[in-house]
Amino acid sequence: MEEKKENSKSRFLEFLNRIEVSQYKCAQMCGWASGYLTGLKGDFGADKLATIMRVFPKLNVIWLITGEGSMFNPEKAPESDTLESTKEEGATIPFEMFMQTTNNYNKIIAEKDSEINALRQEVDKLKKQIEK
C-alpha cells in the first residue's frame, strides 16, 4: 500500500509529478490561475475536485481525498492519456473544456466592459463639473 500524504494537495502534487505534468501546465489544463496550487493550503473544494476528475480521469479520487488505495483508477492504466495531450506545436484540451473556459473569459470581459463604461460615465460627469 502506498504511503499516505497529509492532504489532497500534497497527494495531487505527487500525482502530477508521477505523470510529469508541471503545476503551471496543470493550472492551464484545469482553467485555474497559474499560482492556484502554490497558494492552496490543504484540501480541494468540490468544484476543484470535479475539474480534477474531468481533466485527469485516471486519477483515483478516493486516493486523492483519503490517501487510501491506489493513485490510479483501477479501470484506468497509468499509461492511459489524460484529457490533455502534448504535441510539438502545443497542448490541446477537450472542446467542452475549451468552451467552458471561453465562456468564463467572455463573462469576465463583459463584466470589465461594464465597469469600464461606468467609469467613463463617471469621468465625463467629473469633467463637466470641472468645466463649470
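Biologist: Which helices each supply at least two residues of the lining of the largest pocket?

Modeller: Happy to start there, and do keep in mind that this is a predicted model. The pocket in question has a volume of about 340 Å³, and the closest to its centre among its 18 lining residues are Cys30, Gly31, Trp32, Thr101 and Tyr105. The helices that each give at least two residues to this lining are H2 (23–30), H4 (46–55) and H6 (95–131).

Biologist: Thanks! And which helix gives the most to that lining?

Modeller: By class, the lining has ten nonpolar, seven polar and one charged residues. Eight residues come from the helix that contributes the most, and that helix is H6.

Biologist: Let's turn to the rings. How are Phe12 and Phe15 paired, stacked or edge-to-face?

Modeller: A pair of aromatic rings is described by the distance of the centres and the angle of the planes. Across the whole structure, a search finds eight aromatic pairs. For Phe12 and Phe15, the ring centres are 6.2 Å apart and the planes meet at 25 degrees; planes under 30 degrees apart count as stacked, so this pair is stacked.

Biologist: Nice. Where do Phe12 and Phe15 both lie?

Modeller: Phe12 is buried, and Phe15 is buried too. The two are three residues apart, about one turn of the helix, and the element that holds both is helix H1 (residues 8–18).

Biologist: Phe15 also pairs with Phe56, I see. How many residues apart in sequence are the parts that this pair ties together?

Modeller: The ring centres of Phe15 and Phe56 are 5.6 Å apart with planes at 85 degrees, so the pair is edge-to-face. Phe15 belongs to helix H1, while Phe56 sits in the loop between H4 and helix H5 (61–66), so the parts tied together are separated in sequence by 41 residues.

Biologist: Is Phe56 buried or exposed?

Modeller: Buried means under 20% relative accessible area. Phe56 has 1% relative accessibility, so Phe56 counts as buried.

Biologist: Which residue lies over the face of Tyr36?

Modeller: Tyr36 belongs to one aromatic cluster with Phe12, Phe15, Trp32, Phe44, Phe56 and Phe72. At 4.8 Å from the ring centre of Tyr36, over its face, lies Lys48.

Biologist: One last thing, for the whole chain: what share of its residues count as buried?

Modeller: The chain has six helices and two strands, running α-α-α-α-α-β-β-α from the N terminus on. Among contacts between residues at least 6 apart in sequence, 55% join residues at least 24 apart. Of the 132 residues of the chain, the share that count as buried is 28%.

Note on methods: Residues are numbered from 1 along each chain as its sequence is written. This is a predicted model: local features need pLDDT of at least 70, side-chain atom pairs count only at pLDDT 80 or more; totals for chains, interfaces and linings use all residues. Side-chain values use heavy atoms; hydrogens and water are left out. On a 1 Å grid over the protein atoms alone, a cavity is a set of points where a 1.4 Å probe fits but cannot get out, and a pocket is an open set with protein on both sides within 12 Å along at least five of seven lines; lining residues have an atom within 4 Å of a point. Grid points are joined across faces, edges and corners, and a volume is the space filled by probe spheres set on the points. Helices (H or I, at least four residues) and strands (E, at least two) are DSSP runs, numbered from the N terminus. Ala, Val, Leu, Ile, Met, Phe, Trp, Tyr, Cys and Pro count as nonpolar, Asp, Glu, Lys and Arg as charged, and the others, Gly among them, as polar. Rings of Phe, Tyr and Trp (its six-membered ring) pair if their centres lie within 6.5 Å; planes under 30 degrees apart count as stacked, over 60 as edge-to-face and the rest as tilted. Buried means under 20% relative accessible area, exposed over 50%, partly exposed in between (1.4 Å probe, protein chains only). A charge sits over a ring if NZ of Lys or CZ of Arg is within 6 Å of the ring centre and within 35 degrees of the ring normal. Contact means heavy atoms within 4.5 Å.
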